[in-house]
Amino acid sequence: MVRFTTKILQFGEMGEKTGWSYIRIPAALAEKLMPGVRKSFRVKGRLDEYVIEKVALLPMGEGDFIMPLKANVRKTLRKQKGDSLRVELEVDKAVIKPPKDLMECLADEPEALAYFKTLPKSHQNYFGNWVREAKTEGTRTKRLASVVMAMTRRQNFGEMLRARAEDREGGLK
């Protein structure tokens, strides 16, 4: 486990990361967590007293990593850019499984399921987490249908989101 205090940072103009709030995990600390690893991995622990699990650290080059902080986490912590944060992290070895209803829907479309299984586990998690984060049953149902359609079209997560946005702009909701 690593323990440190850091400040919440925010990207300015940074492509897809523009506006993200995050904390930086310096290379020396990342090396203590996962020696020699230069790709994303998951951690668990605490941010102040807030318990986290299955949170991805993203590589930023030179051995440093970042942990994006979603708005709901910052709101719970009552913290924003520039505020200090006590951090305790360790590697989270828990396996993330896709939602059961997503797998049932994909099972009805063998080609979609076959494509889903070819995706790296981290990419499968993007789809599963997106379905899991739906706040209403109606939204979850729409997301399940979108994922099945995306798998049928052999789309990655970003391609699916762009296609959905284009459909909405074209009047197809």
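Surface patches are here made of residues with over 30% relative accessible area and no salt bridge, like charges being joined within 9 Å. In the predicted model, a positive surface patch that meets this description is formed by Lys54, Lys97, Lys121 and Arg132. Lys54, one of these residues, is found in strand S5, which spans residues 50-61, and at 34% relative accessibility this lysine counts as partly exposed. A negative surface patch is also present, and Glu104, Asp108, Glu109 and Glu111 form it. Among them, Glu109 is placed in the loop between helix H3 (100-107) and helix H4 (110-118); its relative accessibility of 40% puts Glu109 in the partly exposed class, because that class lies between the limits of 20% for buried and 50% for exposed residues.

With regard to the overall architecture, the secondary structure of the protein chain comprises 7 helices and 7 strands, which follow one another along the sequence in the pattern β-β-β-α-β-β-β-α-β-α-α-α-α-α. The C-alpha atoms occupy a box of roughly 45 × 35 × 30 Å when taken along the principal axes, and of the 173 residues in the protein chain, 35% are buried.

The 7 strands are arranged as an open sheet with antiparallel pairing, in the order S1-S7-S4-S5-S6-S3-S2. Strand S1 (2-7) and strand S2 (9-10) stand at the edges of this sheet, where each has a single partner strand, so that one side of each is left without a neighbour in the sheet. For S1, pairing with strand S7 (residues 84-91) is in the antiparallel sense and extends over 6 bridges; within this pairing, Lys7 has Ser84 of S7 as its bridge partner.

Glu62, found in the loop between S5 and strand S6 (64-68), has a phi near 60 degrees, a positive value in a residue other than glycine, and with a relative accessible area of 80% Glu62 is exposed. Arg154, which lies in the loop between helix H6 (137-152) and helix H7 (157-169), likewise has a phi near 60 degrees, again a positive value in a residue other than glycine. The relative accessibility of Arg154 is 52%, and Arg154 therefore counts as exposed, given that the exposed class comprises residues with over 50% relative accessible area.

Definitions and conventions. Residues numbered from 1 in each chain as written. Predicted model: local features only at pLDDT ≥ 70, side-chain atom pairs only at ≥ 80, totals over all residues. Heavy atoms only, no water. Patch = residues over 30% accessible without salt bridge, like charges linked within 9 Å, V, L, I, M, F, W, Y side chains within 5 Å. Areas by Shrake-Rupley, 256 points an atom, 1.4 Å probe, with all protein chains shown as cover. Salt bridge = Lys/Arg side-chain N within 4 Å of Asp/Glu carboxyl O. Lys, Arg positive; Asp, Glu negative; His and termini not counted. Charge placed at Lys NZ, Arg CZ, Asp CG, Glu CD. Helix = DSSP H or I, 4+ residues; strand = E, 2+ residues; numbered from the N terminus. Buried < 20%, exposed > 50% of the residue type's maximum accessible area, 1.4 Å probe, protein only. Pairing = 2+ DSSP bridges.
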